Amino acid sequence: MVQQILRMQAIRSIGYKIIDFLACWEDFQKRLFQKKKLVIRTDYCITIDRVPEVLWDEVLQNKDQLNEWRQLYGVDPQPTRDFLREHPYLVVDTCHFSEDFKWRLLAHFDDLDEALDGLLIKSENFQSLNLLMERYRGQVKCIYIDPPYNTGNDQFIYKDNYQHSSWLSMMAGRLALMTDFLRDDGALFVSIDENERDHLRILAKGILGKECYLNTFVWINNLKGRQISGRGAARTHEYVLTFGRKATGTFIAPVKKFKDIMPSVYKGFDYETKEDAVGSYVLKNELYNTNSKFNEETRPNLVFNIHYNFATGEISFSDVDKNIEFEGFVKIPPKKNNDGSHKYHAWRWGKDKIQRNKDDLEFIQTEDGVKIYTKVRGFETTTLKDILTDISTSEGGEELFHLFGAAAFSNYPKPVVLVEVFAGQAGDEDLIADFFAGSGTTAHAVINLNREDGGRRKYILVEMGDYFETVLLKRIKKVVYSDNWKNGKPQKGKGISHFFKYLYLEQYEDTLNNLELPREQEGQLALERFGDEYLLHYILEFDTQSKPSLLNIKQLQDPFNYKIRVCEDSEIRACVVDLVETFNYLLGIRVKKMRQFQDNGRLYRAVLGEKNDKSIVIVWRPSNDLNSHPSALQRDYEFIKHTILPILLDNGKNPNLLLVNGNCYGSDVKSSENK
C-alpha cells in the first residue's frame, strides 16, 4: 500500500513537472511570437521624375538598374539625361544602390511620409500588424482582404477534424489587430465563399460588436457555374462581407466607371453630359409615368396638356379633352395608353412642380412629337448595390498575363475592377490597406484610381509569399510605368508619378534561430543550485532576453552593424538589422526627415518625426568608443546640438524629445534604449 502511494506521488510529481514545462514553454513561445519584430531591410522605389537630377548620373551608371528596366519595360536605356526626361515613369529601386545613395535620396524630402504613396511589407501578416499598430492605429479608411477560403485547395494548413476552428483562430488574431487600424468611418471588406462565410460573420461581430455588420456583397463571377462538390446546384458567385464602425456611411459608386458591374436596371442611362446655366446634367427618364395604373381616373390632376414655347421657354397648360392652342406654343398631350383600359398615362409631376422646376426639364422635338425629359444633376455617383455582375474570376489572371506575358500567379488573383469598387470607398487622399496582398491587386487598384482622378490615395500591403519579389513588386513597377500592357510589353498608355517603400521583417522562425542556451558554466551552476525546473525558467525567461532577436542593448552601441541570423533560401545567414526603421515604427512616429551626417569619421543618421503634435528627433551613431573619452562625448553632443538639430528643425527650436543611442553628454538627451 505504501509503495503504491509512493508510486502515485512520483507519477503525480512527474505530471506536475510536465505540465509546468509545457506551460512555461507555451508562454515563452507566445512571448516570442508577439514580440514586435525587427526590420531587416528597407528599400524605396521611386519614378525618375521624382529623383533629384543631381542623382541621375549615378542612376544611369548603375548596370543592375538599367538591366531591370530592360527586363520590366522592354526599353533600351541610353546613358543620357534626355532619355530619363523622355521616360519619366521609369522606376528606380534603391536595392540596386548603396546605402549611402539611399540616404542621399531621402535627404531631398522634408516630409517623407507625406511624399510616400505606398508601403509594402514582406512578412507574416500578424507580425506586420503588430509592428505597424503604433504608427497607423485609427488611420485607415478602407481595408480589403482576400484571405484563404479554407476549402482545401488554397494551401491553408489545418489540423484534421478542426478545420473551421483552426481557420477561425488564424483569422481572429488578425481581425482583432487590423480593425484597430480602421478610422471611425472606416470599413473592412473580406472576400470569402460559402465555406467560411457564416463563421466569419459571427467572428467579426464578436470582435467588432453586434452593430459592425453592414453588407454581404454577392459577386456573380461565373454564370456557367462551378460544380465543385458534386452536390446541389452549380455555384456562380462568391461573397464580400463588409463590416464598419459606427460612423461608416453609405457606399457610393461612380456611375460611368461601375455601371457595367451593377444590376442591369442601372445600365440604361443616357450618359451624355450636357451643360446649362445651372450646371452639368444627363437625361434620364421622360416625364410621363410608365405605369398605366397612374391615369386619368386614378390621378386626374396629373393628366393634362403641356404647352411649350421653344423661343421663350414659357410653359402653359390646358385640359386634356379641350382643343386649345396658344400662339407660339407647341401642345404636348400626355402619352396615350395602348392597353385599351384608359386613354392616357399620367405625368410624373403636377402643374405647380413643372412651373417651379422647368429648368430641370428638357423639351426635345422629334419626328413623333415633343418629348420631355427630366435633367439629372449629381449624376456622377449612385449608391453602390450589393450585387456585382459581369466580373469574371478569370479576369484577374488575364490582367497578370498581359503584364508579364505568362501565367505569373496561380492563386486566382482578384480582378482589379472588383477591388476598385471597395478601394473606391476611400476618399482621394485616404489610406487603404490589404494584409493578405497576394499578387498586389489592391495596390494596382489604388494606382488606377489615382491615375483616373489625380487623387493621392495611399496603400499598405502585406504579403509573405515568395512571389513578393517575383510578382507583387514587379507588378507595381509595371503598373506605375503604364496602364496598358500586352504580352508583357507596355503599349501606349499613361504612367503615373509614384514613390513607395518596402520592408522585410524578422519572422518568428528567425527569432528562434537567434536564441541561445545559457553559457555552460552558468547553466551548470543554476542546475546544481536550483534543479532542472529552475534551469528551464532560467533559459526561457532570463538568458534569452539579451539575445539579438530580443533586442540586445549592448549591440545598440554599434547600431549600423546590429546583426541577427535569418533564414533565406533554406540557408541561415547573418543580416544587418535596420534599427533606424525599426525604432520609427516602435515609437509610431510620422517621419518628416531622414538625414545622414559625418563628423571626424563618425557616421550619424538622424530622424525627425512627429507624434501627438510633438516633435521627436532620434540620432544614431556608433558610441562604443565614446564612453572612455569625455572630450569625445562632449564633441559628439555639440555636433548633435549645433549641426544635426538645426538642419532637421529649420526653425532654431529644440525638439520636444531628443533620443540618442548609447551614452550622450547632454542633460536634455534621453537614451533610445529606454524607449
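Axes are lines fitted to C-alpha atoms, for helices over the stretch in contact, and angles run from 0 to 180 degrees between N-to-C directions. Helices (H or I, at least four residues) and strands (E, at least two) are DSSP runs, numbered from the N terminus. This is a predicted model, in which local features need pLDDT of at least 70, side-chain atom pairs count only at pLDDT 80 or more, and totals for chains, interfaces and linings use all residues. Residues are numbered from 1 along each chain as its sequence is written, and side-chain values use heavy atoms, with hydrogens and water left out.

**View 1. The whole chain.**
The chain holds 20 helices and 29 strands. Of its 675 residues, 48% are buried. Buried means under 20% relative accessible area, exposed means over 50%, and partly exposed lies in between (1.4 Å probe, protein chains only). Take the contacts between residues at least 6 apart in sequence: 71% of them join residues at least 24 apart. Contact means heavy atoms within 4.5 Å.

**View 2. Helix 13 crosses helix 14.**
Helix 13 spans residues 416–423 and helix 14 spans residues 441–453. Their axes come within 8 Å and cross at roughly 70°. That makes helix 13 roughly perpendicular to helix 14. (Angles under 35 degrees count as roughly parallel, over 145 as roughly antiparallel, 65 to 115 as roughly perpendicular and the rest as oblique.) The crossing is right-handed. A crossing is left-handed if the near helix is turned anticlockwise from the far one by less than a right angle, and right-handed if clockwise. From helix 13, V416, V419, E420 and A423 take part; from helix 14, the partners are T441, T442, H444, A445, V446, N448 and L449. By class, this contact has six nonpolar, four polar and one charged residues. Ala, Val, Leu, Ile, Met, Phe, Trp, Tyr, Cys and Pro count as nonpolar, Asp, Glu, Lys and Arg as charged, and the others, Gly among them, as polar.

**View 3. Helix 7 beside helix 8.**
The axes of helix 7 (residues 125–136) and helix 8 (residues 163–178) come within 10 Å and cross at roughly 25°. Helix 7 is therefore roughly parallel to helix 8. This crossing is left-handed. Helix 7 brings N125, F126, L129, N130 and M133 to the contact, and helix 8 brings G173, R174, L177 and M178. Five of these residues are nonpolar, three polar and one charged.

**View 4. D93 pairs with K477.**
The side chains form a salt bridge, with N to O at 2.7 Å. D93 sits in strand 2 (residues 91–93) and K477 in helix 15 (residues 467–481), 384 residues apart. Both D93 and K477 are buried. A salt bridge is a side-chain nitrogen of Lys or Arg within 4 Å of a carboxyl oxygen of Asp or Glu. The whole structure has 41 of them.

**View 5. E362 pairs with K274.**
The closest N and O atoms of this salt bridge are 3.0 Å apart. E362 belongs to strand 14 (residues 361–366) and K274 to strand 9 (residues 274–275), 88 residues apart. E362 is buried, at 13% relative accessibility. K274 is partly exposed, at 22%.

**View 6. N289 in its loop.**
N289 lies between strand 10 (280–286) and strand 11 (305–308). Its relative accessibility is 18%, so N289 counts as buried. Leaving aside neighbours within four places in sequence, N289 touches F294, H345, A346, W347 and R348.
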